[in-house]
Amino acid sequence: MWKKIIALFSAIIIIGVGVYFTSYYYNKYEEVNLQGLDYRNYLNLCDKVSDDKVQLNWIYVAAINVAENDNSFLGISNEKIQETAEKFIDKSSDKWKVLSFNEVVENLNLSNKIKKRVFRYLSGIENHASLENNSILNDEQKSFIKKIEQGACENYEKYGILPSITMAQAILESDWGKSNLATKANNLFGIKAEKNYTGETVTFETTEFYNEAIQDKFRKYDNVNLSIEDHAKFLRENERYTYHGVFDANTYISQAKALENAGYSTAQDASGQKIYAKTLIDVIRSYNLQLVDSEILNK
């Protein structure tokens, strides 16, 4: 009798231990563990590797790194991140090309187990980095980005201004769509109505010449997409933007710098250094707007 009871308890213990370790390894290798993920570091290193010639997607690099590193972001070196980022760039010609995520995964000759893990992390990180899950933005700001994203993408196809640049400029110049010009005239970029402008206008008080207050006319639009398109046309029609390489830029960093060099804004810091490009770049990175560029540039 006692032997049967002992045998039964032994079987229960063995099964319990087996279930525990099965659960432990399942949780370790099947769940998405984002502890230790520093997206800013991934973004900076991917931008460094791209050398302003292509736009890399840091999420792709991160998904591969963590899957290969035993489901952990801890201990992944900057050198490893850069090494993985390099695998996405085809440098066989003067014009660099970005390889697709699937191409790189196949080129790595990963086991089926690791491949499944890579795609699981891809989905998990994309969800984590999505606009909906951005903890920095409030609902009003998320709504504004959604409102202008499609127009910004269509604008790139037609005029060559990267979506992230258009969105960042709209955020800065319209205060997230809350400025008087934005709310009353759908004018996101403060474009004035010149004497030969025949469209609808609105008059606002503005400051010119040593803070002198004057009444000035600004363009009024039926919707924000028309404002976005008009802004791109303004840049295209002014030769200085072409001359300074705005439309030759392949990344948000190079296009932001080109806009600054062309004199789009004269904003300076206390020491007299130009800050417009840096401000645009900071906005784009803070809200991961460059991910929209990656999708549209590399499709």
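Biologist: Where does Asp-51 lie?
Modeller: Asp-51 lies in the loop between helix 2 and helix 3 (58-68). Keep in mind that this is a predicted model. Asp-52 lies in the loop between helix 2 and helix 3 as well.

Biologist: What is the phi of Asp-51?
Modeller: Asp-51 has a positive phi of about 55°, although it isn't a glycine. Asp-52 also has a positive phi, near 60°, and is a residue other than glycine.

Biologist: Why does Asp-51 count as partly exposed?
Modeller: Its relative accessibility is 44%. Buried needs under 20% and exposed needs over 50%, with partly exposed in between, so Asp-51 lands in the partly exposed class. Run Asp-52 through the test: 27% relative accessibility, so partly exposed again.

Biologist: On to helix 2, then. What makes Leu-43 buried?
Modeller: Leu-43 is found in helix 2. Its relative accessible area is 0%, and buried means under 20%, so Leu-43 is buried.

Biologist: Which residues does Leu-43 touch?
Modeller: Leaving out residues up to four places away in sequence, Leu-43 touches Trp-58, Tyr-252, Arg-285 and Gln-290. Leu-43 and Asn-288 are 245 residues apart in sequence, while their C-alpha atoms are 9.0 Å apart in space. Asn-288 follows helix 13 and has a positive phi, near 55°.

Biologist: Why is helix 13 called largely enclosed by the rest of the structure?
Modeller: Count the buried residues: 8 of the 11 in helix 13 (residues 276-286) are buried, so the helix is largely enclosed by the rest of the structure. The buried ones are Tyr-276, Ala-277, Leu-280, Ile-281, Val-283, Ile-284, Arg-285 and Ser-286. They pack against helix 2 (39-50), helix 8 (163-174), helix 12 (252-261) and helix 14 (290-297).

Biologist: What makes helix 8 and helix 13 roughly perpendicular?
Modeller: The two helices pack at an angle of about 105°, with their axes 9 Å apart. Angles of 65 to 115 degrees count as roughly perpendicular, so helix 8 and helix 13 get that label.

Biologist: Which residues make the contact?
Modeller: From helix 8 you have Ser-164, Ile-165, Ala-168, Gln-169, Ile-171, Leu-172 and Glu-173. Helix 13 brings Tyr-276, Thr-279, Leu-280, Val-283 and Ile-284. By class, the contact has 8 nonpolar, 3 polar and 1 charged residues.

Biologist: Now the aromatics. How many aromatic pairs does the structure hold?
Modeller: The structure holds 12 aromatic pairs.

Biologist: Why is the pair of Phe-101 and Phe-119 called edge-to-face?
Modeller: The ring centres are 5.4 Å apart and the planes are at 90°. Centres within 6.5 Å make a pair and planes over 60 degrees apart make it edge-to-face, so the label holds for Phe-101 and Phe-119. The pair links distant parts of the chain, with Phe-101 in helix 5 (residues 101-107) and Phe-119 in helix 6 (residues 112-128), 18 residues apart. Ring pairs also link Tyr-60, Phe-88, Phe-101 and Phe-119 into a cluster.

Biologist: What makes Phe-101 buried?
Modeller: Phe-101 has a relative accessible area of 6%, and that is set against the limit of under 20%, so Phe-101 is buried. Phe-119, at 36% relative accessibility, counts as partly exposed.

Biologist: And why is the aromatic pair of Phe-234 and Tyr-241 tilted?
Modeller: Phe-234 and Tyr-241 are 6.3 Å apart centre to centre, with 55° between the planes. Stacked needs under 30 degrees and edge-to-face needs over 60, the rest being tilted, so this pair is tilted. Tyr-241 is buried at 1% relative accessibility, whereas Phe-234 counts as partly exposed at 30%.

Biologist: How do you know that Arg-236 lies over the face of Phe-247?
Modeller: Arg-236 is at 3.8 Å from the ring centre of Phe-247. The distance part of the test asks for CZ of Arg within 6 Å of the ring centre, and Arg-236 is listed as lying over the face.

Biologist: Last one: where is Glu-200 found?
Modeller: Glu-200 is found in the loop between helix 9 (180-185) and strand 3 (201-208). At 45% relative accessibility it counts as partly exposed. Not counting residues up to four places away in sequence, Glu-200 touches Phe-218, Arg-219 and Lys-220.

Note on methods: Residues are numbered from 1 along each chain as its sequence is written. This is a predicted model: local features need pLDDT of at least 70, side-chain atom pairs count only at pLDDT 80 or more; totals for chains, interfaces and linings use all residues. Side-chain values use heavy atoms; hydrogens and water are left out. Helices (H or I, at least four residues) and strands (E, at least two) are DSSP runs, numbered from the N terminus. Buried means under 20% relative accessible area, exposed over 50%, partly exposed in between (1.4 Å probe, protein chains only). Contact means heavy atoms within 4.5 Å. Rings of Phe, Tyr and Trp (its six-membered ring) pair if their centres lie within 6.5 Å; planes under 30 degrees apart count as stacked, over 60 as edge-to-face and the rest as tilted. A charge sits over a ring if NZ of Lys or CZ of Arg is within 6 Å of the ring centre and within 35 degrees of the ring normal. Axes are lines fitted to C-alpha atoms, for helices over the stretch in contact, and angles run from 0 to 180 degrees between N-to-C directions. Angles under 35 degrees count as roughly parallel, over 145 as roughly antiparallel, 65 to 115 as roughly perpendicular and the rest as oblique. Ala, Val, Leu, Ile, Met, Phe, Trp, Tyr, Cys and Pro count as nonpolar, Asp, Glu, Lys and Arg as charged, and the others, Gly among them, as polar.
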